[in-house]
Amino acid sequence: MPGVAGRSGRRPKPTAQKALAGNPGKRKLNKDEPDFALVTNVDPPAWLCEHATRVWQLMVPELLRAKVLALTDLHNVEAFCTAYDKWRMAEESVQKFGIVVESAQGSPMKNPALTAANESMR
């Protein structure tokens, strides 16, 4: 059961998203919602790898344009970009060596990169 214990159903949409959508429910908007500092410009961290940096450069400008990227979200963006990088590395390994590889004993086995790719996607 997703969500917080004692609360069922869908999580409430942030007030800013409701306002951007034109307040489709026509209910009173919450004026006391916490206001986290929005990020206006941020470069990718230096430690990100090639694919992760590329995803950062594609995704972050879109989030900034939509004004939905807060300072408290940056670690999630970093984690997403890093997971994407690991997934790409695993997929490149599968492309290079195939789905089935030879084990240490010489018998065919599933490429371990498939498991790494699956775990990165989750």
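Author: Tyr-84 and Trp-87 lie three residues apart in helix α3, so about one helical turn separates them; helices (H or I, at least four residues) and strands (E, at least two) are DSSP runs, numbered from the N terminus. This is a predicted model, in which local features need pLDDT of at least 70 and side-chain atom pairs count only at pLDDT 80 or more, while totals for chains, interfaces and linings use all residues. Residues are numbered from 1 along each chain as its sequence is written, and side-chain values use heavy atoms, with hydrogens and water left out.

Reader: How many aromatic pairs are there, and what makes the rings of Tyr-84 and Trp-87 a tilted pair?

Author: The count is one aromatic pair. The ring centres of Tyr-84 and Trp-87 are 5.7 Å apart and the planes stand at 45°, so the pair is tilted. Rings of Phe, Tyr and Trp (its six-membered ring) pair if their centres lie within 6.5 Å; planes under 30 degrees apart count as stacked, over 60 as edge-to-face and the rest as tilted.

Reader: Why is Tyr-84 called partly exposed?

Author: Its relative accessibility is 25%, and the term covers values between buried (under 20% relative accessible area) and exposed (over 50%), with a 1.4 Å probe and protein chains only. Trp-87, at 24%, is therefore partly exposed as well.

Reader: How do you know that Arg-54 and Glu-50 meet in a salt bridge?

Author: Their side chains are 2.9 Å apart, N to O, and the definition asks for a side-chain nitrogen of Lys or Arg within 4 Å of a carboxyl oxygen of Asp or Glu. Both residues lie in helix α2 (residues 50–65), four residues apart, about one turn of the helix. Glu-50 counts as exposed because its relative accessibility is 57%, whereas Arg-54, at 36%, is partly exposed.

Reader: Which other pairs bring the count to three salt bridges?

Author: Arg-65 and Glu-62 meet at 2.7 Å, N to O; they too lie in helix α2, three residues apart. Arg-65 is exposed at 57%, and Glu-62 is partly exposed at 45%. Glu-92 and Arg-88 meet at 3.8 Å, N to O, and are four residues apart in helix α3 (residues 74–97), about one helical turn. Glu-92 is partly exposed at 40%, as is Arg-88 at 25%.

Reader: Why is Asn-111 called buried, and what does its side chain reach?

Author: Asn-111 has a relative accessibility of 5%, so it counts as buried. Asn-111 sits in the loop between β2 (108–110) and α4 (112–121). Its side chain reaches the backbone oxygen of Gly-98 at 2.8 Å; a polar contact is a pair of N or O atoms within 3.5 Å, where within protein one must be able to donate a hydrogen and the other to accept it, and residues adjacent in sequence count only if both atoms are side-chain atoms. At the start of α4, a side-chain oxygen of Asn-111 comes within 2.9 Å of the backbone nitrogen of Ala-113. Beyond its neighbours within four places in sequence, Asn-111 is in contact (heavy atoms within 4.5 Å) with residues including Ser-93, Phe-97 and Val-101.

Reader: What makes the buried residues of α4 line one face of the helix?

Author: In α4, Ala-113, Ala-117 and Ser-120 are buried. Seen down the axis, the buried residues of α4 fall within an arc of 65°, so they line one face; the arc is that of the directions from the helix axis to the C-beta atoms. What covers these residues includes α3.
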